[in-house]
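Here's a quick tour of the pockets in this protein. Take a look at the model, then read on for what lines each one.

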Amino acid sequence: LLVSKDLGKHLLEVEDLLQKHGLLEADISAQTERVQALNAAALKFSELEGYQPCDPQIICNRVNHVQTCLEELGELAGKRRKELEDSRQLWAFFQEMEEAETWIREKEQILASKTCGRDLSSVLTLTTKHKSMLGELGSRRALLHQAMKKGEQLLAKKRFSPSGIQEKMREVRLRWKKLEEVTGLHQQRLQEALNFFQFSAETDDLVAWLQDTYRIVSSDDFGHDDYSTQALLRKHRAVVEEVEKHRAAVLALRKQLALLAPEHRQGVDVQIRVVEVEQLYGEVAEVAVLRQQWLQDALAVYRMFSEVHACEVWVDEKEQWLERMEVPEELDEVEVVQHRFESLDQEMNSVMGRILDVNQVVQQLVDGGHPSSEEVRSCQDHLNSRWNRVVELVEHKKEQLSSVLKIQNYLLEC
């Protein structure tokens with residue numbers, strides 16, 4: 001049993017042999033106590049005085065022989081245990097290698113069947129799972145490193161044929177290297193897909209914002225008076241600032257597209273999408289400029305109407321006063337009226353400046369093709385007409401006063 005060359009053909013068989021060998025060692029240990037007792041008893045016969053049933057030398061030789069056989073048996077048992085334990089290490093190593101190969105095959109199949117997702121959500125889910133697998137890969141790498149160290153130790157003992165161990169280690173190392181390459185490639189593909197879908201999502205968000213902004217800047221609400229138009233203009237300026245802030249994002253689309261993987265950036269759809277975003281932004285920016293101009297024109301119109309109204313109120317007042325006024329015949333009264341006309345001249349110069357400003361604004365609106373050009377021109381003509389009427393009345397009254405003064409001065413001289 002102890003000189004058997006059967007060291008097992010797999011780990012379970014070696015474990016079974018070791019278990020049987022342990023029973024055999026226990027039996028040897030038990031027999032050792034019995035042999036030692038028998039030897040002690042036999043040696044007593046070699047020490048008898050007088051009659052001796054057997055030659056003492058024969059007894060000593062017999063005892064020594066049995067003791068030597070027992071020691072050889074113990075040495076054989078120890079040698080076989082060492083061989084069995086070495087065999088167990090060998091088959092444990094091969095089993096760890098098989099388990100590593102099985103694990104590698106499973107991961108290769110998983111990686112071979114994995115897609116990179118159809119949208120941002122699925123890519124993020126796959127990325128999370130891939131990170132979990134990378135954690136498993138790290139743990140398995142540590143175990144494989146330990147198993148390889150065991151293989152190196154087996155080779156160092158030179159007890160077994162090195163070819164099988166070296167071949168197995170080489171195969172596992174190659175498969176592990178291939179797995180890491182495939183894992184790295186899949187991670188790269190996931191990152192490329194993530195970049196693409198993030199780019200697409202950001203582009204979609206940008207398009208949605210531009211569409212909403214286009215609806216805002218293309219509104220035909222320009223207010224109904226000075227106050228409401230000013231409020232709209234303030235809001236529009238804030239929108240224009242936002243449009244300008246988004247200019248960098250639109251300009252960056254080309255750079256972001258260039259950073260995508262070739263299979264993503266060379267797609268016709270994504271290139272068309274970028275062009276559409278750029279065109280839409282251009283339209284939004286253009287319409288925003290136009291709306292700002294229209295709001296400013298509307299504000300100018302309402303302010304012009306307000307100014308015209310103020311001027312016409314003054315014109316109404318002076319026109320009624322001039323029409324009701326009668327030129328006095330007394331010198332003292334004439335001088336009083338003359339002083340009033342001097343004050344009126346100052347007022348008229350001020351109002352004349354306001355009317356000139358109104359005319360300038362009207363001309364700018366007409367030249368700019370304002371949709372209310374006809375209404376504005378009509379309002380201008382009406383104001384100018386009434387102003388000319390006041391001027392004529394003033395001139396007429398001044399002539400009357402001048403005539404009265406001449407008469408009064410002539411009478412005084414006479």
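A pocket here is an open set of points on a 1 Å grid over the protein atoms alone, with protein on both sides within 12 Å along at least five of seven lines, and its lining residues have an atom within 4 Å of a point. This is a predicted model, where local features need pLDDT of at least 70, side-chain atom pairs count only at pLDDT 80 or more, and totals for chains, interfaces and linings use all residues. Residues are numbered from 1 along each chain as its sequence is written, and side-chain values use heavy atoms, with hydrogens and water left out.

**The second largest pocket**
- You'll find Phe222, Gly223, Trp294, Ala298, Val301, Tyr302, Phe305, His370, Pro371, Ser372 and Glu375 around this one.
- Domain 2 (194–295) and domain 3 (299–413) each put at least three residues into the lining; the bounds come from an automatic or database domain assignment.
- H8 provides the largest share, five residues, where a helix is a DSSP run of H or I with at least four residues, numbered from the N terminus.

**The largest pocket**
- This pocket holds about 240 Å³ of space.
- It has 16 lining residues, and Gln296, Leu299, Ala300, Val361 and Gln364 sit closest to its centre.

Notes: 1 Å grid on protein atoms, 1.4 Å probe; cavity = no way out; pocket = protein on both sides within 12 Å on 5 of 7 lines; lining within 4 Å. Points joined across faces, edges and corners; volume = space filled by probe spheres on them. Helix = DSSP H or I, 4+ residues; strand = E, 2+ residues; numbered from the N terminus.
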